[in-house]
Amino acid sequence: MAVGAALAAGGGLAWLAVSLGRTDPAGAWIATLWFALVLAGWGLAVATTATALGPTRDGAPAPPSPPSPPSPPSDRGDSAADGEGRVVVLPDRRRVLLALGGTTAAITGLGAAGTWILRDRARAGRAPGEGAAGWWSDAHALPNAGAPVSPVPGTRPEFTRVPDHYRIDINSMPPRVDAGAWRLRITGLVDRPASLSLDALRGRFDPVHQFITLACISNPIPGDLIGTTRWTGVRLRDVLDDAGLGASGTHLRIRAADGFDEVVAIEEVRDDPRIVLAYAWDGRPLEAAHGFPLRLYLPDRFGMKQPKWIESLEAIDHWEPGYWVRRGWDAAARMRARSIIDVVATDLAHPVAEGPPLVPMGGIAHAGARGISRVEVRVDDEPWRPAEIREPLSSLTWVIWRHEAPIGPGDHRVTVRCVDGDGTPQITREAPPHPSGATGLHVVAVSA
């Protein structure tokens, strides 16, 4: 029983250690204590059952007795003598299991009720409009809808629905931001410090709509920590111009409600109109899980440089490392060129007049804001062949590629590589995600 309780307590404390990083400590404590109690209940139930189902010894030698015919089991359990002559009392398993069933049913019911309550609390912290119908993409064609190159069936969706978009956060749960009370504070080396509501931000500055691919620096080569959707926001340089930057301001410190921070060069902000403070994805306000009410987009950078749940912008006169840079990740965090094989559709192979059948294959290639100029595919040790590239949703998104290659019976390897829009080939040397993003070629095994 002590072991079960200790395991349950350890689970509760682990949850607590992660949850306390949130900016809603009261909610974290409530969730932590509830899950710890549920875990403790299950641990005690399992430990009690294990103890009850095991034999108990009374320590007294069993007196010698002549053999006797077996007797039917009783509700009090059975007994027997062990090899050392002591009496071993065997419990009534039916009664123990019935008691266990009732206990676990009660624990399950309480757990479900608590989960329902916590889910309602989470719903109460959603952004305005979250969960409502009416995504932009439901009523509009994508800008490349008529592109002549079509994806091979099995290729990932070109446009990522918001519920399917990846998330990587520094805490176990997103912060709860009060939409009515939230203000974007603009401070530091500015002439006109400001405190803007979301409505003021939307009303004062022209909206910008951009199709953007965002990727996590910890994404492995064939990983799914990458997604493409339509971002809506305001140009960051317009917001800074409105506040009147002082001559000594060189960098912008951005702080978020989850405790995250990042520092961006003001010169970069001035030079790039694509840098936006986004307040909507796919035509609806950002969901709480994806950064409501405001998040940053920096072209050509991994997601580790792009804060969500932004609360303040502070103009400062120096650079300093942001949250992930202080933890050993790359200071620039520029996106790596990479290409991925999503599907080798051997079931869609079609015969040709001579040689093996042609097998369609496809996937994505991405190099941040630099774009992709070429994708090539190789089967086994054959020469590299150019793949077709579908027109992208924008200059800031991944591309879909497709290719048909002759593949005969047997086992084969298919490899893909790409060249970015600047003419720089994808790095072929294998490297892990830390500290600058994974590199290497994607190879898949195929049997035809």
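1. Let's start with the second largest pocket, which has a volume of about 340 Å³. A pocket here is an open set of points on a 1 Å grid over the protein atoms alone, where a 1.4 Å probe fits, with protein on both sides within 12 Å along at least five of seven lines; the volume is the space filled by probe spheres set on the points, which are joined across faces, edges and corners. Of its 23 lining residues (an atom within 4 Å of a point), I168, G303, M304, K308 and W324 are the closest to the centre.

2. A word on the source: this is a predicted model, with local features needing pLDDT of at least 70 and side-chain atom pairs pLDDT 80 or more, while totals for chains, interfaces and linings use all residues. Numbering runs from 1 along each chain as its sequence is written, and side-chain values use heavy atoms, without hydrogens and water.

3. Beyond four places in sequence, L277 touches (heavy atoms within 4.5 Å) residues including L184, L236, V239 and L313.

4. Helix α6 (residues 236–243; a DSSP H or I run of at least four) buries L236, V239, L240 and A243. These fall within an arc of 95 degrees seen down the axis (directions from the axis to the C-beta atoms), so they line one face of the helix. G244, with a positive phi near 75 degrees, follows α6.

Conventions
Buried < 20%, exposed > 50% of the residue type's maximum accessible area, 1.4 Å probe, protein only. Helix = DSSP H or I, 4+ residues; strand = E, 2+ residues; numbered from the N terminus.
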